Amino acid sequence: MKPPGFKLLFCIFLASVYGHESYNQPIVEFYIVDDIQYVFFSQRVTWDEANMLCTTSNSRLAVLDNLDKAAAVAKAMSESNIVMEDAWLGGRRSSSGWVWLENSNITSKKHSIPIKSSVGDFPPWSQEPTRPSKECLAIDRRLHSHPNFVDLDCRLLRPYICEKKADDAMNSPVPSKWVQVQKNTYTLYHGRVTWTEAVTFCRSKGTRLAVIKDKNVINVLTNSMTKSRPDFESVWIGARFSYGQWTWLSTGSTLNPLSDSTGYPPWRFGKSEKNYGCLLLDRHLDNRTNFIELMCDRKRDFVCEEYPAEELEEWMNEPTQFSYGNSTFIIYPFDKTWDESRQYCYDRGSILAHIHDAQLANLMVAAMGDHPKAISHIWLGGLYHSNRSEWKWIHNNEIIPLNAEIDFPSWAHSIVEEDYDSEESLCLNLDRSDHTKAHFYGLECESKQPFACIINCEEPPAVRNGTWTCIDQNDVKACSLECKPGFLTMGYEKVYCGIHSGWYNTPNSLEFPLCLGTHNYLERMIRSLSQDLQKSTGYYLLLSHENDRVRRFSLEFTKRLLNIFPLSNHLKMGMTNLNVDPKYSILHNQNDSCEVMHFLDNLVDKNSRKESNMPERFENWSRSILKNSRDRIVIIAIIDYIASLYSQKTFDLLKSKGHYVVTMGLKNDWYGLLPTTTIGFDQRRNLYLFKEDELETINAGLTSVRTKNKLQYSMEVTTSKPITQKELISTETESITTSTTEISTSETLANSDTTDSNNNFETTEIETANEEEKSPETSTESEKKPPASDDIYRRIYMDRSKHKNAESKPQESLDNVEENTSSGDLEE
């Protein structure tokens, strides 16, 4: 039996998404209790967005201010077709305590919500609502149909319940253009609406008002806004100023009020000027794209975003951190093995966390519980040595006490499993038992779970064959790497560290440099190119540099590249050379290495460049390469800082379409070259920086690279990874100390004999003698005989027989080369 006055009205609406199958389709159900209509929405949104959506539909988040209302809604939830483990209500914690919001915001008239249940068991709290960061009210059920009030983090995505008074349909705006960027689809709408109306409309279509966190997406959308007819001058996007900061409504994540070095967020004046309103993406003011703050009730066009499911709770994978003493601890909420966790910390300039007192253990457990995922287990930097029956911290080889009579550490009853196989490694796990207690025990290292890292800015990880020089600058430590004579620096040579940010090269970016001999340096470069070429139809070179030595290097490098990766019908090549005047371009359809090589030999004496009309030249190159890059290719750019500025927008568009970009230049130009690259082998940037006097060394080393037809060759490649837990256990105590304190000296030199029969490229061999690569004082046994690693190098080869057969067939010659620049360059 339904309670008196209870009448059920039920209907389901399925929203369609233009141009795609139905996606994230919302279900809406109506229930009437006495004179109040409750509307259940299946869409999972933040509390703020739920409050906004209810308000714009002429209703409000449900106010269940007595037990009868709460019981009726809980009963309706038990009969609903919507899975609602809990749903947002119109209650929130304010400075004065918990309150019901009568209207849409926290400053309106409100009624208090007691935090203690009365004699009638109202409010029906599941637990006392005093937990930090849990400031919004939801309703759940106990015993199937009885109400439970739950305090939750406002950023969680949950269904929501509105009190419906009237249902006024909104006039539908008109979709104008659909833009796909990777997994996301953006729809531009012509329809002058307020920001809140735009939010509601997008949700009715199973999408959201666009969340734009990437400069590439901004560039693509701006381009589409310009080409639409009629065009768009500005559109609403999904951010507004709320509770003291600019926030993306549908995710709860915040925007930086200052533009960073890349220009994101693109605030008009480099920073947010207004602390109110909603956000526009504008391309009209100042003739460039900006984020503009505007009053939310102004009417503008807007852009909706269809997004993949894995982005729904993106913020829940954000790490949480806290400080203790002079260190910062970061808890990462995603699952990795112990080795993977250790590598992840290392890649960010930190190490797996170690805990030496009960107070720190309690802080760690509290931080785990406060995370939105309520993390129960994490990896720490401890390892069990079965041959000695002892636990040790890996960062300093210190023994972890097992004495049950002391308060710390608080070991669980089973420190080591009874059925523990000594062949398997045990790594240290911290368990948050009973929600508040810390317990330590061993867990198989291959298990996957969250983990904690500790940031220490004392010095960066040691680099083999290199020396760090560090200085303190205010609250930041700046360190520069100097490689020993005879070694080349791979990557940018400077890193910085802040106690809260950890180590970085540029904001939100870290890649520790390496010191490699020419032999290993070139192997890594070729390996990275090979990896990208396996997934591409060919390569295209852009040459533009003001330095004479780099110009000569670029032509010689191109010839070496043709020897290492010969052309065929499966691997084609093209090039634009802006180092000569007039410039020339080779169409990206060349499949004969000999013809291209002969052409390049005749151009050596023409090597000169005039700086006139550079913007126009790059404009023509950009137009041509974008027009003729339908299939995935590898762009190899040997450019200077000025060229990087002219070509950055083009590189961004190429990368957004899945192309690879490899950039080379002088070290002084690193700041302009760094943003142009994609990620290559060993998760390192495809960026190669040289001093002028190193250019001849590189080309000389490449001269000794020859091809081997259909002959398998294993390349020894230096990787920047810490040694694994198995290697740590099998090493003597003295070796453990050295390896863990100088983590990067444990780099694994790897070789593999894996064959990829699906690729039609030739393998490459470097014949440079090892003794030329190492200075006498740094030659070690480990360099002479590196240990193996799984699948570190996949063979690349080209079928020469196919290439020879192709030579007898008609093919385009280099008559396609155009001496003068025109908008038709590179067009087939």
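**Contacts and salt bridges in a predicted model**

I will start with His190, which touches Pro173, Val174, Ser176, Pro230, Asp231, Phe232 and Asp301, leaving aside residues up to four places away in sequence; contact means heavy atoms within 4.5 Å. His190 sits in strand β12, residues 184-193. Helices (H or I, at least four residues) and strands (E, at least two) are DSSP runs, numbered from the N terminus. The side chains of His190 and Asp301 are joined by a polar contact of 3.4 Å. A polar contact is a pair of N or O atoms within 3.5 Å; within protein, one must be able to donate a hydrogen and the other to accept it, and residues adjacent in sequence count only if both atoms are side-chain atoms.

A word on the source. This is a predicted model, where local features need pLDDT of at least 70 and side-chain atom pairs count only at pLDDT 80 or more, while totals for chains, interfaces and linings use all residues. Residues are numbered from 1 along each chain as its sequence is written, and side-chain values use heavy atoms, with hydrogens and water left out.

Next, salt bridges. A search of the whole structure gives 21 of them, each a side-chain nitrogen of Lys or Arg within 4 Å of a carboxyl oxygen of Asp or Glu.

One of them pairs Arg131 with Asp151, with the closest N and O atoms 3.2 Å apart. Arg131 is in the loop between β7 (110-112) and β8 (136-142) and Asp151 is in strand β9 (residues 146-152), so this pair ties together parts that are 20 residues apart in sequence. Is Asp151 buried or exposed? Asp151 is buried, at a relative accessible area of 0%, and Arg131 is partly exposed at 29%. Buried means under 20% relative accessible area, exposed over 50%, partly exposed in between, with a 1.4 Å probe and protein chains only.

Arg208 and Glu305 form another salt bridge, at 3.0 Å between the closest N and O atoms. Arg208 belongs to strand β13 (residues 208-209) and Glu305 to strand β18 (residues 300-306), so the parts tied together are 97 residues apart in sequence. Arg208 is buried at 3% relative accessible area, and Glu305 is buried at 1%.

Glu692 and Arg549 also meet through their side chains in a salt bridge, 3.8 Å from N to O. Glu692 lies in the loop between β39 (687-690) and α13 (695-703) and Arg549 in helix α8 (residues 548-564), so the pair ties together parts 143 residues apart in sequence.
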